[in-house]
Amino acid sequence: MNRSGAEPEARLVVVDDEPNIRELLATSLRFAGFEVHAAGDGATALRLVKQVDPDLVVLDVMLPDMDGFTVTRRLREKGHHVPVVFLTARDDTSDKVTGLTVGGDDYVTKPFSLEEVVARIRAVLRRTRPGEDPEDDATLRYADLELDDDGHEVRRAGRTIDLSPTEFKLLRYLMLNAGRVLSKTQILDHVWQYDWGGDANIVESYISYLRRKIDAPQVGADGVEGPSPLALIHTKRGVGYVLRLPPAAV
């Protein structure tokens, strides 16, 4: 039971060797409605996963006995396909690539906000729980923007917008994570996949293409531009990109 007496939203294992961070995370996640079991090293984490069968593991990369990547590999070798969200103090692309290729589902870079951790956990749970994947919904909606997966159509305030397959996939990923800032690395992983060996600046180019189409004013039959719609695609300088309403419109 969580603090309200209701069933917990999900069962989590939190693994971090720093007692203060571990306790803060565990307490905050319990307050958010999760059942939480905590561990301070990789060996304890492996035992806990076997004992409590969690819905998700929040796993620090740097542990005293084995790193988080090794813990994840051992879980996968033992047939445990529990989703994993990595915590890493190193904002290093190679770490993020390694984490996702060994079977991780997402990562959060320290220092992080507790709100961000909760949001990432819930996003991964939605993607991985049977019957709870938002991608199963054929139509995604945010503000006056709609994406019809089955018809491969995008509409803004009822106006159809023509997108290339890559632009469509990029917009879909932004809409699935509306309100969350996505790094270039995350976008490359989900839109282009890691077997694509190009320049990460391709993300910037495609965001620019998408912004011109999604946030552009509508042109009437007389060729006159209407008022500019509210901008939905925003750049968080030095961090990434996010689909959200402007602050004044929220």
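Is Glu9 buried, partly exposed or exposed, and at what relative accessibility? Glu9 counts as partly exposed, because its relative accessibility is 32%; buried means under 20% relative accessible area, exposed over 50%, and partly exposed in between, with a 1.4 Å probe and protein chains only.

The model is predicted: local features need pLDDT of at least 70, side-chain atom pairs count only at pLDDT 80 or more, and totals for chains, interfaces and linings use all residues. Residues are numbered from 1 along each chain as its sequence is written, and side-chain values use heavy atoms, with hydrogens and water left out.

**Sheet**

Helices (H or I, at least four residues) and strands (E, at least two) are DSSP runs, numbered from the N terminus. An open sheet is formed by 5 strands in the order 2-1-3-4-5, with parallel pairing; two strands pair if DSSP finds at least two bridges between them. Strand 2 (35-39) and strand 5 (106-109) are the edges, each with a single partner strand, so one side of each has no neighbour in the sheet. From one strand to the next, the twist averages 20°. Strand 1 (residues 11-15) runs parallel to strand 2 and is joined to it by 5 bridges. Val15 has Ala39 in strand 2 as its bridge partner.

Helix 2 (residues 42-52) lies across strand 1, strand 2 and strand 3 (56-60), and runs at about 150° to strand 2. Helix 3 (residues 68-77) also packs on the sheet, where it touches strand 3 and strand 4 (84-88), and its direction makes about 165° with that of strand 4. Contact here means heavy atoms within 4.5 Å. Axes are lines fitted to C-alpha atoms, for helices over the stretch in contact, and angles run from 0 to 180 degrees between N-to-C directions.

**Salt bridges**

The whole structure holds 16 salt bridges, each being a side-chain nitrogen of Lys or Arg within 4 Å of a carboxyl oxygen of Asp or Glu.

Arg122 counts as partly exposed at 29% relative accessibility.

Asp106 lies in strand 5 and Arg180 in the loop between helix 6 (165-176) and helix 7 (184-192), so the pair ties together parts 74 residues apart in sequence. Asp106 counts as buried at 3% relative accessibility, and Arg180 counts as buried at 10%.

Because Glu204 lies in helix 8 and Lys184 in helix 7, the pair ties together parts that are 20 residues apart in sequence. Glu204 is partly exposed, with a relative accessible area of 45%, and Lys184 counts as partly exposed at 25% relative accessibility.

**Helix 8**

Helix 8 (residues 201-214) has 14 residues and reaches 20 Å from its first C-alpha to its last, close to the 20 Å expected at 1.5 Å a residue; the expected span is 1.5 Å times one less than the number of residues. Its buried residues are Val203, Tyr206, Ile207, Leu210 and Ile214. Seen down the axis of helix 8, these fall within an arc of 105°, so they line one face of the helix; the arc is that of the directions from the helix axis to the C-beta atoms.
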